[in-house]
Amino acid sequence: MKPGFPGQEAIREFFDRLADDWDQDQVVGEDRLRAIVDLACLCPGDRVLDVGTGTGVLLALLADRVRPHGRVVGVDLSPQMLALARRKGVTWGLGDELELLQADVHALPFPEGHFAAVLCYSAFPHFQRQAAAVGEMARVLCPGGRLVIAHNESREAVNRRHREIGGAIGGHELPPAGEMRRLLASQRLGPVLLKDEADSYLAVAVRSC
Ligand SMILES: C[S@@+](CC[C@H](N)C(=O)[O-])C[C@H]1O[C@@H](n2cnc3c(N)ncnc32)[C@H](O)[C@@H]1O
């Protein structure tokens, strides 16, 4: 992977350090994860991308949706997170249908229109150039494909938590609703849903032709 933006190394190191304890610290039930995956409207045979996949908490659910003949691709900056996702993929028996890559959302190594859906779960605030990141996620989506940005807290709670943690992720924020709408619209993504509630933040958009 080419060197990224200033500060990106610190973000990678931050998540590398968290990787070993990540899964045991997660309190989100499978129902909630399933509801997020539902928003991608996947069909058997689809190719789906999970950006900032971390230890791969969505991967098995995504694989269930695109079987048979589909493909699940997870990308992340952090090799330690990806190592755990790989281990899980083996445990779950996800063979050729799963691909995990160290890659930066700002320079996704895939051709235009390659995926039926892109998910970005608990990762968007960490992208340093959010317009460029949305542009890349839109580029790799096929026309009619869905982008799903999801969190299990409100925007305010996500932003406050990152401010409190500080350090490498101190200023990492979800933008206000108006800005998110503008970001999506500027990349030919028509918003389907923008929801900001106490226990969830969702931005879902469809790539126009
Ligand atoms: C809060 S974790 C969420 C991981 C996983 N989606 C989950 O919910 O368990 C955010 C992930 O985004 C990754 N990340 C941060 N910046 C990234 C970038 N520019 N490109 C790709 N992944 C990135 C981090 O390495 C980290 O694994």
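Me: How many helices and strands are there in the protein chain?
Reply: This is a predicted model. The protein chain has seven helices and seven strands. Along the sequence they follow the pattern α-α-β-α-β-α-β-β-α-β-α-α-β-β.

Me: How many of the contacts in the protein chain join residues at least 24 apart?
Reply: The share is 72%, counted among contacts between residues at least 6 apart in sequence.

Me: What is the order of the strands in the open sheet?
Reply: The sheet has seven strands in the order S3-S2-S1-S4-S5-S7-S6, with mixed pairing. Neighbouring strands are turned by 15 degrees against each other on average, direction ignored.

Me: Why are strand S3 and strand S6 called edge strands?
Reply: Pairing takes at least two bridges between two strands. Strand S3 (98–102) and strand S6 (189–197) each pair on one side only, and they are the edge strands.

Me: How do you know that S1 and S2 pair?
Reply: The cut-off is at least two bridges. S1 (residues 47–51) and S2 have five, in the parallel sense, so they count as paired. Two of the partners can be named: Asp50 has Gly74 as its bridge partner in S2, and Leu49 has Val73.

Me: What pairs with S4?
Reply: S1 and S4 pair in the parallel sense over four bridges. Here Val51 stands opposite Cys120 in S4. S4 and strand S5 (residues 141–151) also pair in the parallel sense, over six bridges. Leu119 has Val148 as its bridge partner in S5.

Me: Why is S4 called mostly covered?
Reply: A residue is buried if 20 or more other C-beta atoms lie within 10 Å of its own. In strand S4 (residues 115–121), seven of the seven residues are buried, so the label holds. S2 is mostly covered too, with five of its six residues buried. For the protein chain, 39% of the 209 residues count as buried.

Me: Which strands does helix H3 touch?
Reply: Helix H3 (residues 59–66) packs on the sheet and touches S1, S2 and S3. Its direction makes about 155 degrees with that of S2. Helix H4 (residues 79–91) lies across S2 and S3, at about 170 degrees to S3.

Me: Why is Leu84 called partly exposed?
Reply: Leu84 lies in helix H4. Burial needs 20 or more neighbours, and exposure 12 or fewer. Leu84 has 17 C-beta neighbours inside 10 Å, so it counts as partly exposed. Leu84 touches Ala19 and Thr55, leaving out residues up to four places away in sequence. Leu84 and Asp23 are 61 residues apart in sequence, yet 9.4 Å apart in space, C-alpha to C-alpha.

Me: Which residues come nearest to the ligand?
Reply: Of the 21 residues around the ligand, they are Phe15, Gly52, Gly54, Ser78 and Ser122. Helix H1 (8–25) and strand S2 (71–76) are the elements that give two or more residues to the shell.

Me: What is the make-up of that shell by class?
Reply: The shell has 11 nonpolar, eight polar and two charged residues. Gly counts as polar in this scheme.

Technical notes
Residues are numbered from 1 along each chain as its sequence is written. This is a predicted model: local features need pLDDT of at least 70, side-chain atom pairs count only at pLDDT 80 or more; totals for chains, interfaces and linings use all residues. A residue is near a molecule or strand if its C-beta atom, placed from the backbone, lies within 6 Å of it. Two residues are in contact if their C-beta atoms, placed from the backbone, lie within 7 Å. Axes are lines fitted to C-alpha atoms, for helices over the stretch in contact, and angles run from 0 to 180 degrees between N-to-C directions.
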